[in-house]
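I am opening my notebook to record what I look up, step by step.

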Amino acid sequence: MSHVDAMMVRVYLSESNHTLKQLLACLHDELKVRGVTVTRGIEGYGASGKRHAASLIDLSLDLPLILEFFDRPEKAKAAIARIAHFVPSGHIVSWLVTVESEESEC
Amino acid sequence: MSHVDAMMVRVYLSESNHTLKQLLACLHDELKVRGVTVTRGIEGYGASGKRHAASLIDLSLDLPLILEFFDRPEKAKAAIARIAHFVPSGHIVSWLVTVESEESEC
Amino acid sequence: MSHVDAMMVRVYLSESNHTLKQLLACLHDELKVRGVTVTRGIEGYGASGKRHAASLIDLSLDLPLILEFFDRPEKAKAAIARIAHFVPSGHIVSWLVTVESEESEC
């Protein structure tokens, strides 16, 4: 089992701004980054201080969405540069991780 | 596009202990940290080994809640010191991240 | 308040492959790792490019599941080695974190 350096990237979205679909098309279909997952928060506060919460989680249309993916650092950085214009400044966070791999490529 | 160092902080809570409201008031209203999101797990095990699970996710009242925020490292550290008494020892985890920013401040 | 080095481990699963139960039994019951949480994504794409999405989140049986735990680095590494055969190559990601602790052990 080998270890491969990778970069985890997290993008903070809101259900109300409809960029998720565009981002997924860009990241998955075009850039083909790996390990893309989308999680829905139950409450969140943006930089603006505006609260996004759900009393009835399945009915709310303005909850925080967190899109994450990881890939080789150079590919992840290229993806960040490509998607940065989709989201407001400060909404993309990244950190280095280690991926367990049986093969030598990430 | 510039890169800013930041600290991601994760706090492990349970729906049953009612500290989320206090934490959000402290973090958001008082300390004004950025990027606060709350996610509900579907299953979890604390340090005690007690299981928190949901067969009917919307009806369970004791699922794990994960509160996360990120901000400048010094602000995040101050926030950790401020909120540490709200949760048991070992329930706050942090790591350094990079934030994409068009401006020079995080 | 002291700081303890730990390792966060994330395992990417799918609801359809039924390994969650085995993993939890292994991690929690046998290895007794700390801070195990399971989160369900609302959409995800594996390395294969196969899409896992939910239009009706509570009815879908093939959504991404993210299992996370953290523990002392040596214990987390041993856990990774133990569980690696449960999941495809490239589905386990880890990174170093800091845990706030009143005691000296993680």
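Which rotation, with how much shift along its axis, superposes chain A on chain C? I am working with a predicted model, and in it I found that a rotation of 120 degrees, with 0.0 Å of shift along the axis, brings chain A onto chain C with an RMSD of 0.0 Å. The two copies are therefore related as by a three-fold rotation axis. I then looked at their contact residues and noted that the copies use different surfaces, since 19% of the contact residues of chain A recur in chain C.

Next I turned to two helices of chain B. I reminded myself that a pair of packed helices is described by the angle between their axes and by the distance between those axes. Helix α1 (residues 20-30) of chain B packs against helix α2 (residues 73-83) of chain B at an angle of about 145 degrees, and their axes are 11 Å apart. The crossing of α1(B) past α2(B) is right-handed. I listed L23(B), C26(B), L27(B) and E30(B) as the residues that α1(B) brings to this contact, while α2(B) brings A79(B), R82(B) and I83(B). Sorted by class, the contact of α1(B) with α2(B) holds five nonpolar and two charged residues, and no polar ones.

Last, I asked which residues of helix α1 in chain C are buried. I found L20(C), L23(C), L24(C), C26(C), L27(C) and H28(C) to be buried in this helix, which spans residues 20-30. Viewed down the axis of α1(C), the buried residues fall within an arc of 165 degrees, so they line one face of the helix. I also noted that α1(C) is followed by K32(C), whose phi is positive, near 55 degrees.

Terms used: Residues numbered from 1 in each chain as written. Chains lettered and ligands numbered in written order. Predicted model: local features only at pLDDT ≥ 70, side-chain atom pairs only at ≥ 80, totals over all residues. Heavy atoms only, no water. Least-squares fit on C-alpha atoms with pLDDT ≥ 70 in both. Contact = heavy atoms within 4.5 Å. Axes fitted to C-alpha atoms, helices over the stretch in contact; angles between N-to-C directions. Helix = DSSP H or I, 4+ residues; strand = E, 2+ residues; numbered from the N terminus. Left-handed = near helix turned anticlockwise from the far one by under 90°. Nonpolar A, V, L, I, M, F, W, Y, C, P; charged D, E, K, R; others polar. Buried < 20%, exposed > 50% of the residue type's maximum accessible area, 1.4 Å probe, protein only. Arc of directions from axis to C-beta.
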